[in-house]
Amino acid sequence: MRYCFVRYLRWLAICAPLALLIPTVRHFIESRMALHMLLEFPLLFSGGFFAAGHLSRLRNKLRQTGLQHADYLGITGLTIASCVFAFWMIPAALDMAILHPTVAAAKYASWWLAGWLMAGSVARAASGILLFFFGNAAWMSATAGLLYLEAQDRLCVNYQMDDQVVAGWGLLALTTALAAVGLVQAAIPKRLA
Amino acid sequence: MSPAGARVLTVAVCALVFACFSMAVAELTSGFRYWTFEEKRVALAGTGTVRIQQIELQDASGYKRHLWRDELEEDIYLVDFIYTRCPSVCQALGSEYQRMQDILLARGRQDSRIRLLSISFDDRDSIEDLQVYASRYRAAQSKWMVARATSSAQMRNLLDKLEVVVIKDGTGGYTHNGAIHLINGQGRLLAIYPYESWEEALGAAMFHAAGSEGGKQ
């Protein structure tokens with residue numbers, strides 16, 4: 001019963017990014033800074049993350065190429081995910097993604113791919129390494145959040161000032177969540193490994 | 001592959017990933033200088049690469065005219081974007097434009113090439129609304145044109161070209177860019193100034209007007 005529920009949730013996570021293909025849904029999410037950063041990004045990321053478990057044929061083919069050797073202890077996948085995370089925290093990147101379709105496409109692809117790569121990396125990584133990357137992401141999220149909260153002007157031309165403040169608080173909440181996940185997986189490594 | 005080989009390969013790939021990341025950020029921020037869209041827009045305006053297409057405008061008295069069509073036109077325009085129901089930034093801009101107008105009129109013939117231009121981006125703004133706005137700030141028809149585009153497609157095109165973003169504020173109004181754009185007679189964007197720096201914008205307009213005057217002689 002419990003297994004069925006978890007499987008249902010996984011499929012939901014995999015299919016959720018498809019909702020972004022509906023223009024009304026996409027425009028609604030992207031019209032609010034907090035939803036753009038704290039709903040759309042995680043949706044794309046988790047979509048890729050959980051899809052990795054279901055693309056076994058592709059994964060096996062990749063394994064034959066020996067590509068996993070380039071991801072020793074999961075470090076490459078985690079580095080790519082960190083870079084994607086850092087890039088989309090830049091205010092100019094958010095504006096460009098709204099104003100230019102090609103940048104938007106890069107955003108969808110990069111977040112999904114980051115999730116997909118991360119799934120393999122998490123399985124390979126030791127808990128100490130995961131703790132380092134989660135700590136790093138938490139630190140980045142806190143920096144961006146505080147920056148958004150303290151800015152006197154609008155940082156994005158596509159968002160209101162009050163929206164920016166909500167996004168700032170949201171990023172600080174994300175910091176707590178990332179730090180918690182990092183610490184919990186370090187305390188009970190078998191859960192994620 | 002041996003663990004040692006995998007380690008070396010991983011480090012090399014990570015270095016490559018990081019190099020790509022740095023290049024992407026450098027491209028986005030024009031060499032790690034401008035982290036917001038507006039900072040970059042203002043900085044790149046000075047390169048003179050943006051040229052806007054001709055547009056037909058209708059002023060507060062209903063008179064229509066084409067701007068930025070004539071290759072030989074030597075006027076210098078200080079352009080701002082407004083909507084007449086705006087309770088905040090357009091009021092400040094209106095007062096600033098009024099002061100600029102007073103200075104320009106006092107200086108007379110010397111700055112006759114400089115024109116002030118306030119363009120409404122709000123489809124709801126009628127000629128009467130433009131008249132109310134123009135009379136509120138005592139806009140002199142010879143110096144300050146309060147106008148709207150005759151076609152919304154041309155207006156969209158102008159805003160896109162200048163990368164001016166207008167968003168709905170949820171209460172029937174708009175949040176928009178309050179910058180002053182310095183544009184020459186051929187439609188080339190010369191500089192962008194935040195509305196607080198109107199004196200600097202006016203100074204630059206005078207400088208360019210004097211330049212085009214000098215070029216003619």
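I start with a term: a patch is made of residues with over 30% relative accessible area and no salt bridge, joining like charges within 9 Å and nonpolar side chains (Val, Leu, Ile, Met, Phe, Trp, Tyr) within 5 Å. This is a predicted model, where local features need pLDDT of at least 70, side-chain atom pairs count only at pLDDT 80 or more, and totals for chains, interfaces and linings use all residues. Residues are numbered from 1 along each chain as written, chains are lettered from A and ligands numbered from 1 in the order written, and side-chain values use heavy atoms, without hydrogens and water.

**Patch.** I looked up Phe5(A), Tyr8(A), Leu9(A) and Leu12(A), which form a nonpolar surface patch. Together they have about 450 Å² of accessible area (Shrake-Rupley method, 1.4 Å probe; for residues, only the protein chains shown count as cover).

**Salt bridges.** I use the term for a side-chain nitrogen of Lys or Arg within 4 Å of a carboxyl oxygen of Asp or Glu. One is Glu40(A) with Lys107(A), the closest N and O atoms being 2.7 Å apart. Are these two buried or exposed? Both Glu40(A) and Lys107(A) are buried (under 20% relative accessible area; exposed is over 50%, partly exposed in between; 1.4 Å probe, protein chains only).

Arg113(B) is buried at 16%, while Glu74(B) is partly exposed at 26%. Asp75(B) and Arg115(B) also meet, at 3.0 Å. Asp75(B) counts as buried at 14%, and Arg115(B) as partly exposed at 22%.
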